[in-house]
Amino acid sequence: MKASLALLAVVAAPAFAAGEFFEDFLQPDLDTLRASGWVLRDGTGHPGLPGARFSPTQLTLDGGLLKLKLSTDGTPANTTLAQLCAARKFLIGTTTARVRLRDTPGSRDPIIQSFYLVSPLRHDYDPDFSEVDFEYLPHGGWGSPDTRLYGVSWQTVRIDPWQSFNQASILPGSFDGWQLLTVQVEATRTRHFVNGRLIGEHTGRNVPAKPMAISFNHWISAGATPGAPRDYQFDVDWVLHQAAQTVAPDVMQARAEQLRKQGVARQDTVPDVGLTSECNI
């Protein structure tokens with residue numbers, strides 16, 4: 001009982017309201033989602049196959065779930081991807097999302113289901129580039145057939161030809177189903193958690209230095225076999241950010257559940273920093 005009361009006291013702490021972003025995806029349609037501040041990507045570009053396209057039509061809202069669909073026949077011209085991004089104003093703090101990752105038995109399409117925070121890459125090897133991400137490869141890809149989940153903190157990158165500088169933690173095996181993904185960003189380290197389990201701590205130049213946008217992305221890399229059209233999907237239940245605080249994953253989950261019980265569908269008290277969210281990486 002004392003432990004439960006202590007947890008409740010932490011969850012209800014007024015400090016949360018000073019810099020909190022919560023989204024339960026209860027909007028009735030995509031226009032309302034846009035109006036609340038989300039950017040729905042429309043166009044081409046990284047990541048994904050050259051020639052593939054991002055389209056808002058690949059995003060749907062369904063009773064509090066955001067669904068991201070990827071459609072392909074294995075060719076870039078007939079591949080449509082999904083991505084959306086929040087405002088670019090998140091840096092030091094803790095971010096948690098509850099997502100449903102999905103395997104498709106028998107498929108070897110190298111799809112990637114992603115939850116991440118990112119700032120723009122202005123040019124090759126941009127020293128101000130910042131990104132922390134989770135990327136799930138249910139069918140393998142990137143030179144390996146293995147199913148695996150990544151937690152990565154980025155220093156910088158050159159897109160073409162590809163050369164990256166980052167620190168990655170990798171969990172092998174299937175993560176099909178509901179997962180709680182948490183990343184803590186501090187001044188000198190990042191920490192990635194999967195369902196409350198610490199999978200990696202990253203330091204040095206891999207620690208983000210610039211405000212980032214919370215993002216979700218469903219994309220595909222090279223290696224798909226041309227053939228019949230097929231669709232893939234993964235879902236987002238909610239996302240929560242606590243600014244300037246290092247918060248344990250279970251406390252983040254409890255806070256999200258508390259907000260939902262209070263009928264709070266969306267809350268944003270994180271100050272803007274005057275940056276646009278390009279939603280193009």
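The radius of gyration is taken over C-alpha atoms, and the globule rule is 2.2 Å times the number of residues to the power 0.38. With 281 residues, a compact globule would have a radius near 19 Å, and the protein agrees because its own value is 18 Å. The structure is a predicted model, in which local features need pLDDT of at least 70, side-chain atom pairs count only at pLDDT 80 or more, and totals for chains, interfaces and linings use all residues. Residues are numbered from 1 along each chain as its sequence is written, and side-chain values use heavy atoms, without hydrogens and water.

The protein has 3 helices and 17 strands, which are DSSP runs numbered from the N terminus (helices: H or I, at least four residues; strands: E, at least two). Of its 281 residues, 53% count as buried, meaning under 20% relative accessible area with a 1.4 Å probe, protein chains only.

Strand β6 (residues 80-90) has 9 of its 11 residues buried and is therefore largely enclosed by the rest of the structure. Its pairings with other strands are listed below; two strands pair if DSSP finds at least two bridges between them.

| Partner of β6 | Sense | Bridges |
|---|---|---|
| β2 (residues 39-40) | antiparallel | 2 bridges |
| β3 (residues 53-54) | parallel | 2 bridges |
| β15 (residues 212-220) | antiparallel | 6 bridges |

Individual residues mark these pairings. Leu-84 in β6 stands opposite Leu-40, and Thr-80 in β6 stands opposite Arg-53. Cys-85 has Ser-215 in β15 as its bridge partner.

Methods
Buried means under 20% relative accessible area, exposed over 50%, partly exposed in between (1.4 Å probe, protein chains only).
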